[in-house]
Amino acid sequence: MRIPVLALLFSNFIFAQTQYPKDYFRPPLDTPMQLSGNFGELRPNHFHAGFDLKTNQREGLNVYAVADGYISRIKISTFGNGKCIYITHPNGYTSVYGHLQTTVGAVQEYVKKEHYRAKAYEIEVFPKPDELPVTKGQLIALSGNTGSSEGPHLHFEFRDTKTEFVINPMFFGFDQNIKDTKKPTISSLYVYPLDNATVNQSRQPLLVNMALQKDGTFLAGKVKTNGKIGFGINAVDTDDVSHNKNGVFNVSTFLNGAQNYNYQFNTYSFDEMRYINALIDYPRYKKTGQRVQKLFMKTPFALSIIKTDSLRGIIKAEPNLAATYKIEVSDYFGNQNSITIPIEFDASAPIVEATPVDSKYFIKVNKDYNFEKDNMSVFFPAGTFYDDFNLNFDVKNRKIYIHDDTVPVHSNFTITIKDTLYPESLRDKVYIAKGTSFYGTIRKGDVFTAKSKILGTYGLVLDTISPVIKIAKPIEGKWISDQKKIDFTIGDSLSGIKSYNGYINGNWVLFEYENKARRITHVFDDALLNEGENDLKIEVVDNVGNTAIFETRFFRSQKK
């Protein structure tokens, strides 16, 4: 979705201030609030939607409902937020609790029934208001490390119940639980020549020197230019306790005292999350891992937190220009850092030319494109990209080369490959891959199609190899009456696992999946077992239908 520049203009750059309740919600944990991640922090392909609360590097801490309400959604996933609870509150907000180890009490009973009803570990259910009511301070779960978590913690967020926009938890009074007297850190400043401009006699982006002043602010080296330029910064924030490098709250820029660009991490929708790849210098991020936040737009994009002038933060140098550009970076508590940058016009010829581009094709953001060669093609709908760019495209050695991943993609494009080399008997085992990574592939005869949001090299891969199932501790023919659970590791070397199921005595039983360890676990339930001999079967299917089956027999007594 593209929006006109005028839709971004707001008088004096003032954000509408909603009056959020400051004392309605309690913290979700008993431990002192420490952040390992804050709202708006820059993450791969998205802005962080809430707080990551530290749990002393361990699992199993009590998680409480932050206010009265009812559990309106429960999602159990192997990725993302893992085990996650949503509570709808009567004041119009919803609280979210992610990466849980387990739910407890009536909630756990409800979840277990839903697992068995769906015969699946991954579920998403929406209880009615009268099914799972909760009160403020009620224990609802234990903290964990499920989903895409990189360590034990609690992901916690607020949403507007009606719009589902995520909201900075600081607005709800949680700033009272955090001590922060430290101003944000600005570690680097970049200047970008645009539209063939020259800056400091270079047509390539430059790192600008910064000198620390006595008042703690920075003065940048003089920027001399003869055209349009923009700036970017690398900035993070810390507080007095957590010491993690988190995201900044507010960035504002001023040209000769007049504000010309601003963004503030207050509230936004999930549809806007991927615009992080337009906000940052994406090629630099892919090459170095450094997320430089650009303070201008070459092409407008629909990220609602950005407020800008008619030039979209771009500075246009003209003869006799002598200007002062200032960048102010602040956290939620008002701690601020700034850089002052002198700019002047300079007609000197460039010494460093722009990086040469070897490309046959040029992509414009708002047009459809289809490129085809040797029975392979790629289709880009209008709006796939953020900026116009030179595209490299080729087909050779049965691979389709679609530029590289230094250009960000906003929405899906379609890859089509026609191939007659594989016999019909094997075609159902063939899929479109980047390397060997599986992309959801649809086949019609000898034509394969898949969608992706990552540029790079794609081709067809044949997968006739079944998944692997390994039991952690063999139980064949053994009495295991004292064993509380059983673990397996499962894996697949090519297309990846699509599904798995476990059965005891022919009946489906729940195995929980931990994707980081590739481990499935079943906790024995005496009600599901025979007295004495029991048969166990595990079935794992990959994304092209190859199946692996593991069967064993064990003995167990329910008599105490």
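Author: An open sheet of 5 strands runs in the order S32-S33-S39-S35-S36, with antiparallel pairing. Strands are DSSP runs of E of at least two residues, numbered from the N terminus, and two strands pair if DSSP finds at least two bridges between them. The edge strands, each pairing on one side only, are S32 (393-396) and S36 (437-439). On average, neighbouring strands of this sheet are turned by 30° against each other, direction ignored; the axes are lines fitted to C-alpha atoms.

The model is predicted: local features need pLDDT of at least 70, side-chain atom pairs count only at pLDDT 80 or more, and totals for chains, interfaces and linings use all residues. Residues are numbered from 1 along each chain as its sequence is written, and side-chain values use heavy atoms, with hydrogens and water left out.

Reader: How many bridges join S35 and S36?

Author: In general, strands of a sheet pair through backbone hydrogen bonds, either parallel or antiparallel. Here, S35 (residues 430-434) and S36 pair in the antiparallel sense over 3 bridges. Lysine 434 has serine 437 in S36 as its bridge partner.

Reader: What does the secondary structure of the protein come to?

Author: The protein has 3 helices and 47 strands; helices are DSSP runs of H or I of at least four residues.

Reader: What percentage of the 560 residues is buried?

Author: Buried residues (under 20% relative accessible area, 1.4 Å probe, protein chains only) make up 51% of the 560. The C-alpha atoms fill a box of roughly 95 × 65 × 35 Å, taken along the principal axes.

Methods
Axes fitted to C-alpha atoms, helices over the stretch in contact; angles between N-to-C directions. Buried < 20%, exposed > 50% of the residue type's maximum accessible area, 1.4 Å probe, protein only.
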